[in-house]
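This report describes selected features of one protein structure.

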Amino acid sequence: MSLFTLLRALCIALILATPSASLAQNAGPDYEEWVKVAQRAEIAVENGRASTGALEALRIQVVGWREQFLTAQQGNQARIVTLQSQIASLGVPEEGIAEAPDIAARRSELNDQLQRLRTPIVAAEEAYSRADGVIKEIDRLIRERQTDELLRSGPSPLNPVHWAPALETLSRSSLAVVQEAVSAYKSEAQRKTASQDLPEVIILTLIGFVLMLRGRRWSLKIVDVLRRYTKRGTDVWRFIASLLQILLPFAGLTALVEAAFALGLVGLRGTLLLDNVPSYGLLLLVFWWLGGQLFPRKDEEAMLPIEGSHRAEARWYITASAIILIAAQVLQVLATYDEWRDATRAVLGFPLLIVTGLVLFRVGTLLRGGMVEPTDEDDGWLYRMRIARLLGQLAVVIAVIGPVIAVLGYGTAAARLMFSSVASMALLGLLLVMQAFIADLYAFLMRKEVKDKEGGLIPVLLGFALVMASLPVLALIWGARWADITEVWTRFQEGFSIGDSRISPSDFLTFAVLFSIGYMATRLLQGAMRTTILPRTKLDAGGRNAIVSGIGYVGIFLAAVIAISSAGIDLSSLAIVAGALSVGIGFGLQNIVSNFVSGIILLIERPIAEGDWIEVGGKMGYVRGISVRSTRIETFDRTDVIVPNADLVSGMVTNWTRGKTVGRVIVPVGVAYGNDTRKVESILLGIAREHPMVLLNPEPSIVFQGFGADSLDFEIRAILRDVNYVLSVKSDMNHEIAKRFQEEGVEIPFAQRDIWIRNPEALTQSGPRPLASEEDNPA
C-alpha cells in the first residue's frame, strides 16, 4: 500500500465520517435511521456481493453510529448516581415487615425515575452491541477476501506462452501514455491554454531544476558551516541540515510536476502517473537519505560496524530498493487502469521480484558477515550487531523463498512478502537513525558530553515510545487496513468495564494529572512545614520529623482518593476484589503490613527519633531516618544498619539519648594487691572531678568492687553532660589514670601464671619426645 493510497483513504474516511460527526452533536441518536443503516449493512454482509470499497464506506458509517451510541451510554450518569444514593439511603425493607407507606411511595417514585433514566442507556447499549457486531462481520468478510487474494494461485511467470502477450500489453499501455500526450498537444485549445500559462510553467521549471540540481550541494554547505562554527550540538545541526537533502529536491520535483500539469499535455494515464510522482520522488529521496545516515562515508559517524567499501555498496542497494518499489507501483497503476490479465501481471512483475531478491540477498550478506568486531565492549554496539545479523539472516531467507513462491504461481504473496520486507527494513533503519538523533538532542539540551549522550533514561524512554508509534506503520506495510488501526485505537479509547463503571484512557489521564497535583502540593506543604513553620515551635527534631512524615502519608492518601473519585472510578465495585486481596495480604504480605503499622506507631508514640543513640539487637548507633517500612541506623564505624520497624516496636530497644543527652559513664580500673585502697580512691575521684564533661551534681563516685583474681577492682561512675562523648571520656580518663598512677607509684597489675612440670626428666631424654597425655598435664 503506497503513501498516496493511504492519504487518499484517510481523506475519504474523513469526508464520509462528517455526516456521522454532525449527527453526534444532536440531542440523541436517531434510532429509526440507525435501523435502516444496520439492516442495509447486515444484508450486504449476508449476501457478500458488495465490493470491498462499498463495504469500507458502509463500515465508516456504522463506526460513526457506534461512537454516538457509546456517547449516549454516558448520559445522565450523574443523575443516576444521585438516584441510586437516594434509594440506598431509604434502606432495605425487612422481609415479612410492611414498609411505611410514605417510604414505599418514595421508593417507588425514585425507582420509576431511575428506570426512565436508564431506558435510553439500555437502548444505546443494545444499539452499540449491534453496531459492533456489524463492524466485526464487515472486517471478517474483508479479511477473508484479502486472504483469498493473497493465497490465490495464478499462472507461473516462467511459462513462455504468456511472455509475448505480456510484452505486447506493456508496450500498448506505454504507447497509450505517449499517444494521450500527443493527442493533447495536437488539440488547438490545449495548446492555446498552455501558451497562456507558459510564463508560470517556465518559472516553475526553473525553480524545480535549480532545487533538484543544487539542493543537495546547498544542504552539504549548510552542514559544513554548522559543523565549523558550532562547538556544541554538531550532530544535531548536521541531522537537521541533512533533512534539506530531502526537502529541497522534493520541492523542486513538486514544482516540475505542477509545471507539467499547467501545460495540460497529459492524458488520463499520464495524470494518474503524475499524481503519484511526488510520492515516488519522496520515497526515492528518503531511501537515499536513509542510506547516507545508516552507512555514512566517515567511519566515526557509522551506526553499524561495517567497512567503508561495504557501506558504499549498502548505500547503493538501499537506493536501488526505492527504484524497485517505484517501478512496482507504476506497474500497479497501469495494470489497474488497463485491467491487465493475471498472466501479464505475473510475467511483468517477476523481473522486479528477481531484482528485489538479489538486493535482499546482498544486503543480508553484508549485515550477516560484513561487520567487523568493535574494539570496545559496548553493549549498544553488540545489541545492534545481533539485531543486524538476525535481520540479515531473514533477508537472505526471504530473498530465496520469494522468487520460488512466485514461480509456483503465488505472485501476489511473493510481492507482499518481498516488498513488505524491504519497507520493514527501511522502517527499522529509520528508527535507528531517529533514536540516535534523540540521544544527540538530549545530550545537546542537557549539556552532556558526546560519550555520555546515551546514558540517560529519558532517551531510552523516548526511543521506546518511537518504537511503539511505529507499530501501526509496520502493520500497514504488511497489509493491515487503516480501519484495523483505527479499530484498535477505538477499543483503547473505550477502555474496559469494572462492575458498572467504564474506565477509559481519559480517566487514567485525569487520575494521573490530579494525583500529580496532589503529590506536588503535599511535597510543597511538607517543605514549608519543615523549613518555615515547625522550626519556630518548641517541638524537638523527632516531633517535627513525625509531623512532616504524617503530612506526607495523609496528603498522598487524600490525593489518591480525590484522583480516583474525580476520574469516575467507583471504588465500591472493587470491594470484592479488595476483599480477595486482603486475604493475600494477610498471608503473603503480613510482614510488610506489620512493618508499615509499626512505622506509624513509631511516628505517633515517638519512642525513638532521628538523632537518638539507640541499641537494638546488639547493634548501637544513631537513628538517621525512619521510613514506612524500616529505620536506618548509622553505627560508629559509619555503616548503615536497616532495622525493620516491627523489631523496634515488639523488641527491646535501649535509647541512650531519649529526651536528654545526660548519661552515665563507668570506667573499670584494677590495681595490684598491696596498694593503699583509700589513696587509689582519692586519685580516681580527682580524675573524675577534673574532667570537663563530668557533672559535679550529682557527684562522681568511686566504687571498690572487690578482690579479683589478679587485682583490686575499682570503678569510676560519673554523669556526663552529653553521653554521646562517652567513648572519648573513657579514653581521656584512662590516659589520666595511667599518668597519675605512675606519678603516685600505684602499680597496675597484669596477669601472671606459674607453670609446674610433673616429669621434668622427660625434657632431657634424647630421641623423639613422647606426646603428653592428659594425666601429665597439671590440674
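## A buried glutamine

Glutamine 113 touches Arg79 and Leu83, leaving aside residues up to four places away in sequence. The model discussed here is predicted. Glutamine 113 is found in helix H5, which covers residues 101-151. Is glutamine 113 buried or exposed? Its relative accessible area is 17%, and a residue counts as buried under 20%; glutamine 113 is therefore buried.

Helix H6 covers residues 163-186 and contains 24 residues. At 1.5 Å a residue, a helix with this number of residues should span 34 Å. The end C-alpha atoms of H6 are 34 Å apart, which agrees with that expectation.

Which residues of H6 are buried? They are Ala166, Thr169, Ser173, Ala176, Glu180 and Ala184.

## Salt bridges

Side chains of opposite charge can pair when their charged atoms come close. In this model the count comes to 27 salt bridges. One of the pairs consists of glutamate 144 and arginine 140, whose closest N and O atoms are 2.9 Å apart. These two residues are four residues apart in helix H5, so they are separated by about one helical turn. Glutamate 144 is partly exposed, at a relative accessible area of 37%, and arginine 140 is also partly exposed, at 36%.

Helix H6 holds another pair, glutamate 168 and arginine 172, which lie four residues apart, about one turn of the helix. Their closest N and O atoms are 3.8 Å apart. Glutamate 168 is exposed, with a relative accessible area of 52%, whereas arginine 172 counts as partly exposed at 48%. The cut-off explains these labels: exposed means over 50%.

In helix H23 (residues 677-690), arginine 678 and glutamate 681 lie three residues apart, about one turn of the helix. This pair forms a salt bridge in which the closest N and O atoms are 3.0 Å apart. Arginine 678 is exposed at 60% relative accessibility, while glutamate 681 is partly exposed at 26%. Salt bridges also link residues into a network, made of Glu56, Arg59, Arg66, Asp132, Lys136, Asp139, Arg143, Arg481, Asp484 and Glu487.

## Strand E10 and its partners

Strand E10 (residues 712-720) is mostly covered, since seven of its nine residues are buried. Strand E8 (residues 663-671) pairs with E10 in the antiparallel sense over nine bridges. Valine 669 stands opposite phenylalanine 714 in E10.

Strand E9 (residues 701-707) also pairs with E10 in the antiparallel sense, over six bridges. Here isoleucine 702 stands opposite isoleucine 716 in E10.

## A nonpolar surface patch

Phe361, Val397, Val400, Ile401, Val404, Leu408 and Tyr410 make a nonpolar surface patch of about 610 Å². Which helix gives the most to the nonpolar patch? Helix H14 (residues 379-407) does, with four residues.

Valine 397, one of the residues of the patch, lies in helix H14.

Note on methods:
Residues are numbered from 1 along each chain as its sequence is written. This is a predicted model: local features need pLDDT of at least 70, side-chain atom pairs count only at pLDDT 80 or more; totals for chains, interfaces and linings use all residues. Side-chain values use heavy atoms; hydrogens and water are left out. Patches are made of residues with over 30% relative accessible area and no salt bridge: like charges are joined within 9 Å, nonpolar side chains (Val, Leu, Ile, Met, Phe, Trp, Tyr) within 5 Å. Accessible areas come from the Shrake-Rupley method with a 1.4 Å probe; for residues, only the protein chains shown count as cover. A salt bridge is a side-chain nitrogen of Lys or Arg within 4 Å of a carboxyl oxygen of Asp or Glu. Buried means under 20% relative accessible area, exposed over 50%, partly exposed in between (1.4 Å probe, protein chains only). Contact means heavy atoms within 4.5 Å. The expected span of a helix is 1.5 Å times one less than its number of residues. Two strands pair if DSSP finds at least two bridges between them.
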